Amino acid sequence: MSLLPDINELLARARSDLRMGVPVVLAGEDQSILAVASETLTPERLADLRALGQPVIAITARRAETLKARPYDGDLARVEIPADADLDWVQAVADPADDLITPMKGPLVSARGGSAALHRLAIALAKSARLLPAVVLVPVEDGTRFAAEYGLTRIIHRLAVPHLGERSPMNEVVHARLPMEASEAGRLHIYRPEDGGEEHYAIEIGRPDRSKPVLARLHSACFTGDVMGSLKCDCGPQLRGALAQMGAEGAGVLLYLNQEGRGIGLANKMRAYSLQDQGFDTVEANHRLGFEDDERDFRLGADILRALGFSSVRLLTNNPKKIAMMEKTGIAVAERVPLKVGETAFNRNYLATKAKKSGHLL
Ligand SMILES: Nc1nc2c(ncn2[C@@H]2O[C@H](COP(=O)(O)OP(=O)(O)OP(=O)(O)O)[C@@H](O)[C@H]2O)c(=O)[nH]1
Ligand SMILES: [Zn+2]
């Protein structure tokens, strides 16, 4: 029956629910769990979750490390929420903003034994909803009935898992001519994924020959740098530098990938900036928030290049991971073209950290 939402559509709905603070039912083989993102939890909903049983807060091993909670499940910890803990306690576990001012009173107790598969699914959903990766969960007796009774989205773990690490197919919605400062022969293509995720853009300059390596840039969205002229990173000058070089050569393709903040979203990136003001570097800040250094999937750039008819690039980058990923996904990198522009007094440490910890080439 095509009118029923399929698993990808249900996952998109679950992401929206989590962003609004609406509970989602996660169904495993032999148990169901109700999940609410910590960031959007309200005191009323916390009280109602408590009425159902003993809630836990699932956090990533990265966040657990800062909080000295035991990650018995490897990549995550299920931290028990004490009976007298209020919403502020839950949010202090999720959000490192006040770690230094009011360190968590521990020790935090992690659950062990049993399966953490549904907790892992909940964290993956929170990350893909660009929320803090911390979710409050409580088991429910009959998940199917519960979801139907309260009108909640129900996600079957077995159906969801194959879709989580995968990129959704992406389709071109439209393209149109876009004369730009860098080149009057610009053309903007809009790509829309089938899973309700963010759209990505390709800016084609001139009419690049599909049989030769094209001058290409995979640019990750940076609202602060690209639009506001932030001095904390080099994104704005890199964006304009790449377009200018393509304009000068008369041909190129720039992918503008909506992976703000290396894939954690703008709100989380601003949380990271706030931690950077407390003295942590760009990598440490991501870890304290519970994220990996880089949560992007560059394979989607390769997908778009292929859809545009390219199979080989001269890649404008200083990031060896982008090159490795291109080659792995079947786009040949004929040449790396360095892109060193825009160093300022404010971003010198940021660039040095990327070179030291993330392997960026100088
Ligand atoms: N989480 C986080 N993201 C940041 C920070 N500063 C910039 N970003 C994001 O980082 C992304 C740009 O990454 P870069 O490292 O400049 O570029 P790259 O793709 O890794 O490498 P190049 O191709 O060499 O530029 C954008 O999505 C920015 O929003 C930060 O301090 N924390
Ligand atoms: Zn930036």
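1. Let's start with E260: in this predicted model, E260 sits in helix α10, which covers residues 260–263. E260 counts as buried because 21 C-beta neighbours fall inside 10 Å, and the cut-off for that label is 20 or more.

2. As for who E260 touches, leave out the neighbours within four places in sequence and the contacts are A221, C222, F223, G265, L266 and K269.

3. A221 is placed in the loop between β10 (214–220) and α8 (223–227). A221 is buried too, since 22 other C-beta atoms lie within 10 Å of its own. Its contacts, again ignoring neighbours within four places in sequence, are D226 plus the run Y256, L257, N258, Q259 and E260.

4. Both residues turn up in the annotation. The UniProt entry, an unreviewed one, puts a "binding site" feature at R217, L218, H219, S220, A221, Q238, E260, G261, R262, T282, T317 and K322. Those positions span 106 residues of sequence and are spread in space as well, with up to 22.5 Å between C-alpha atoms.

5. Now the whole chain. I'd note 15 helices and 13 strands in the protein chain. Of its 362 residues, 41% are buried. Among contacts with a separation of 6 or more, 66% come from residues 24 or more positions apart.

6. On overall size, the C-alpha atoms fill a box of roughly 65 × 55 × 30 Å along the principal axes. The radius of gyration is 22 Å, which agrees with a compact globule, because one of 362 residues would come out near 21 Å.

Technical notes. Residues are numbered from 1 along each chain as its sequence is written. Chains are lettered from A and ligands numbered from 1 in the order in which they are written. This is a predicted model: local features need pLDDT of at least 70, side-chain atom pairs count only at pLDDT 80 or more; totals for chains, interfaces and linings use all residues. UniProt positions are given in the numbering used here, feature names are shortened, and annotations may be inferred rather than shown by experiment. Helices (H or I, at least four residues) and strands (E, at least two) are DSSP runs, numbered from the N terminus. A residue is buried if 20 or more other C-beta atoms lie within 10 Å of its own, exposed if 12 or fewer, and partly exposed in between; C-beta atoms are placed from the backbone. Two residues are in contact if their C-beta atoms, placed from the backbone, lie within 7 Å. The radius of gyration is taken over C-alpha atoms; the globule rule is 2.2 Å times the number of residues to the power 0.38.
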